[in-house]
Amino acid sequence: MTESKPILLKRRRSKVAVASNGDRGDLLEEILLDLRPQVAPLATPELVHLLCAIEVRNQFDDDRGPARKTIREAVENAVTILIHEGEESRP
Amino acid sequence: VTMLLDAVEIENFGPYYGEQIVTLPSESGSLILVHGENMAGKTSFLNAIRWALYGYAKDRAGKPIPIRKLINADAYDEGQRRLGVRLRLRVRSSGQEVQLILRRQRQAKQGLTAATADADYEEFREIDFGGSVRPASEFDDYVNMLLPEGISRFFLFDGELLNEYEELVSEGGSHQAQMVQQSIEMILGVPAATRGRDDLEFLRKEVSKKYQREAKLNSSAREAAERLENESAALQRAQDDLAEMNRQLGDRERELRAYEIELKKFSEMREDATRLKDLRDQKDELDVERQKAVRRRAELAKDVWRDVLEPRLRHEIARLDRDLRIIRDAITEADRVESEIARLEKSLTQDTCPTCGRPVPEEHLARSRADLEELLRRREDLRDLADRSRHDELSGALGRLRDVAPAGVIAGIQEIERQMRSNTIAATRVLQQISQVEQRLHGSNPAEFTEYERKRKETNRLIAKIEAAIGTRQGEVRQREAVIANLERAINEQNLPALRRLQIHLDLVKSLEGLFTESVAELTTRLRRSVESAATDVFLGLTTDPLYEGLRINDHYGLAIVGPGGREVLIRSAGAEQVVALSLIGALNRSATRKGPVIMDTPFGRLDPTHRANILKFLPTLGDQVILLVHSGEIDPDRDLGPIATSVRKRIVIEHETSTRSVLREV
C-alpha cells in the first residue's frame, strides 16, 4: 500500500505542492503489483511503488518535466542496482 | 485532499454591488442553504466562485460571459471598472489543515473609460498559502492541484451536468460525453496511470536513442545500429501517421454521430407529427364530451328547483296531511252524530213500542231526550270543524304539492361536474403535450434531412477510407517493430560490454511502459465497478420505487436503472434522470481523489416532493460542505427543512433590492 506523505512537499523552484500519496494510489499500486511478475519482472516492488507515488502526486500537473526527471532518476537507480546485483551473482 | 470554503468575498460581481462577504461553516456534513428567487443572483454566486478559480463565468447557454457584462451595472454607471472575488479556503490533507486565499480581480487598463472588450481589463491574481504570499504565476498550479477545472463540473453543479449526463447514457460517445467521461476518469484518478504510461513511453524512446547512438560507436554493431536507427525513425513516422489518422477517424466518427443524432431527430419529428395529430384528435374528443356534459347539465338544471324546495315541501305536505286527517275525522263523526239524532228524534215521536205495542215508559223517553240533547250539542261543536269545502280545498292543495316531487337531479349534476373536472385536467394535460410537441417541431426543416443523409453517406465513405489506411499503417508498424526487435536481438547477441547497461535500462523501461499500459484498462474497469456500487447505494436511498434493484454502469459511465429480474428500465422520467445524475455525482464524490465544496444551483427543478425529501436527507452525506442555491418553489423553509434541520448549519438569503442590485444576508 502507498504510504501517506505529509501535505506539504518542497518542489521545484521552492514551489509548495499539496500532495497525498493516498489519492487512489492504493488501487493503482495494487493493480501494478499484481501485474508486475508477468509484465515487468525486472522491476522491483519498491520501484513500482515509487513510480506509482510519483504519478499519483503529479496526476493533475500539466508540466511533465519534473515528473519525468524523478522517474528517470528512479529507473536509473534501479538499473544500477540490477547491474550491481548481476555482478554479485556472477560466479 | 479536501478543500472547503471559509468565506466568499465578492466585489461588483453581477448583481452584487460593492463588497459583500459571506462566511461559510466548514465542519463535516455542513449543509448551507442560499435562498433566492429567480433572477436574484443564485447563479451569479456560483459563477463568482467559478470565476475566482478558473477565470470565467458561464451564461445559461454555457458560454463565457464578457467582463463588461460581469461588472455590476450600477458600479459601471458610477464609473467603476473593476470586479473581484476572494475565496478563503481551508485545505485538509493527511490530518493537516492549511488556509489558502485565492483572489482574482479584473480592472480596466489606465485611461480606458469605455472598456468593453475583455482585453481592456488587466488581471490581478493573489495567492496566500498558509500565511506565505506566493507568486501569481503559481495561481493555476494551486487550483489544478486542489480542484482541477476538468473535475469542477462535479462540484459546481449548475444543472447543465444533467444535460451532459443524458449525453453519457445515450452511449452516443458525443464530444460532450467524451469530455464528461474524461472528467470522471480525472476525478477518479485514472490520469495517474495514463500519464505514467506516457512518461515511460517518453523515457523508453530517450533510452532507445541513446542505445542506438552507443551501438553505432562499435564497429561490429554499427551496420545493425544504423539500420536500427533508420527503422526506429521510420517507425516513429508511421506511428505519428497512425496517431494523425486515428485523430481524423475520431473527428469523422464524431461528425457521423452528430449527423445520426440529427437524422434521429428527423425520425423523432415524424413520430412527433403523428403524435401531434393523435393529441389534437384527443383534444377534439375531450371538447365534444365536454359540450355533451354541458348540455346534460343544463337539462338537469331545469328540475333542480324541486330538489332545492324538497325539504320545505316535505314539511308542508305533512302539515296539510295532518289538518286534512282532522277534518276528515270530524266529518265522519258529524255524519254519525247526524244519523243518531235522526234515529232518536224519530223514536221520540212514537208513544208506543213498534214491536210489542205497549206504551214506552217515561224514564226511557227522558233518557232518549237527554241523549238527543247531548248529540245536538256535539253536532254544534263539530259544525265548524267538519268543513267539507275546507276538506276539498286542502285535499286539492295536497294533491298539487305531491305532484311537485323531488327530481333527484342534484347527484346527477354533481356527477357531471366531476366528469367535467376530469375532462378539464385531461384537456390541460393534452394541451401541454401538444405545446411540447409543437415546440420540438418548431423551426425544423424536413429539407435538411436529405442533406444530412448525404453527409452521413460521405462521412461513412471517408471513415472506410481512413480505416483502410490505418490497417495498412498498422501492418507497417508491426513489420517495423519486428525488424527492430530482430536488429536489437542481433546487437544484443554480440554481448558488447559498452551496451550492457543500456540494454538493461531499455528492457526495464519497456517492461514498465507495458506495466502501466496494462494497468490503465484494469484500473478503469475496477473504478467503474466501484462507481457502480457506490451509485447503486446512493440511488436505492433516493428512489421511491421499491421495484428498482440498482444501477448498472456502461463504458461511458452512463448509468441504467436495473428493475425486477435484472432488466434495464428503458423509459425514465425527467425526475428519474435527475435522481440517477445525483447518484452518479454522489458516487463520484465518494470515490474522488479530490474533495471540495459541492455547490448546486436549483437542484430540485424536476423532482416531486417525495424525491425532494429523500435527496434533502441524502445531501449532507454528499460532501463535507454542500451549498444549495434554491428558490422558494424548491425548498420551503417551513415545509421542507424538518428532517434536515440539524444538518443545516447556515442559511443565507439573496435579497433582490433593485433590478441591478442584490444583497447576501445571513439568516
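## Chain A: helices and strands

Chain A of this predicted model has 3 helices and 2 strands. Here helices are DSSP runs of H or I with at least four residues, strands are DSSP runs of E with at least two, and both are numbered from the N terminus.

How many of the residues of chain A count as buried? Of its 91 residues, 49% do. Buried means under 20% relative accessible area, exposed means over 50%, and partly exposed lies in between, using a 1.4 Å probe and protein chains only. Chain A exposes about 4600 Å², and carbon and sulfur atoms supply 54% of that area. Accessible areas come from the Shrake-Rupley method with a 1.4 Å probe, and for residues only the protein chains shown count as cover. Among contacts in chain A between residues at least 6 apart in sequence, 45% join residues at least 24 apart; a contact means heavy atoms within 4.5 Å.

## Chain B: the overall picture

Now to chain B. Chain B has 17 helices and 14 strands, and of its 667 residues 44% count as buried. Chain B exposes about 34600 Å², with 49% of this supplied by carbon and sulfur atoms. Take the contacts in chain B between residues at least 6 apart in sequence: 73% of them join residues at least 24 apart.

One residue to look up is B:Gln419, found in helix H12 of chain B, residues 410-441. B:Gln419 is partly exposed, with a relative accessible area of 33%. The C-alpha atoms of B:Gln419 and B:Glu289 are separated by 9.3 Å, although these residues are 130 apart along the chain.

## Where the chains meet

How many residues does each chain bring to the contact? Chain A gives 52 residues and chain B gives 53. The area buried between chain A and chain B is about 4600 Å², and carbon and sulfur atoms give 65% of it. Buried area is the accessible area (1.4 Å probe) that two parts lose on being put together, summed over both.

Between chain A and chain B there are 5 salt bridges. A salt bridge is a side-chain nitrogen of Lys or Arg within 4 Å of a carboxyl oxygen of Asp or Glu. B:Asp199 and A:Arg64 meet through their side chains in a salt bridge, at 2.8 Å from N to O. On the side of chain A that touches chain B, strand S2 (16-18), helix H1 (25-39), helix H2 (45-57) and helix H3 (65-89) each supply at least two residues. The largest share, 12 residues, comes from H3(A). That side of chain A divides into 29 nonpolar, 6 polar and 17 charged residues. Ala, Val, Leu, Ile, Met, Phe, Trp, Tyr, Cys and Pro count as nonpolar, Asp, Glu, Lys and Arg as charged, and the others, Gly among them, as polar.

## Salt bridges to find in chain B

Over all chains, the count comes to 61 salt bridges. In one of them, the side chains of B:Glu78 and B:Arg661 meet at 3.8 Å, N to O. B:Glu78 lies in the loop between helix H3 (73-77) and strand S4 (82-93) of chain B, and B:Arg661 in strand S14 (residues 661-666) of chain B, so this pair ties together parts that are 583 residues apart in sequence. B:Glu78 is partly exposed at 47% relative accessible area, and B:Arg661 is partly exposed at 25%.

Helix H9 of chain B (residues 304-348) holds B:Glu310 and B:Arg314, which are 4 residues apart and so separated by about one helical turn. Their side chains meet in a salt bridge at 2.8 Å, N to O. B:Arg314 counts as exposed, at 51% relative accessibility. Finally, a network of salt bridges links B:Arg104, B:Arg106, B:Glu123, B:Arg125 and B:Asp140.

## How to read the numbers

Residues are numbered from 1 along each chain as its sequence is written, and chains are lettered from A and ligands numbered from 1 in the order in which they are written. In this predicted model, local features need pLDDT of at least 70, side-chain atom pairs count only at pLDDT 80 or more, and totals for chains, interfaces and linings use all residues, while side-chain values use heavy atoms, leaving out hydrogens and water.
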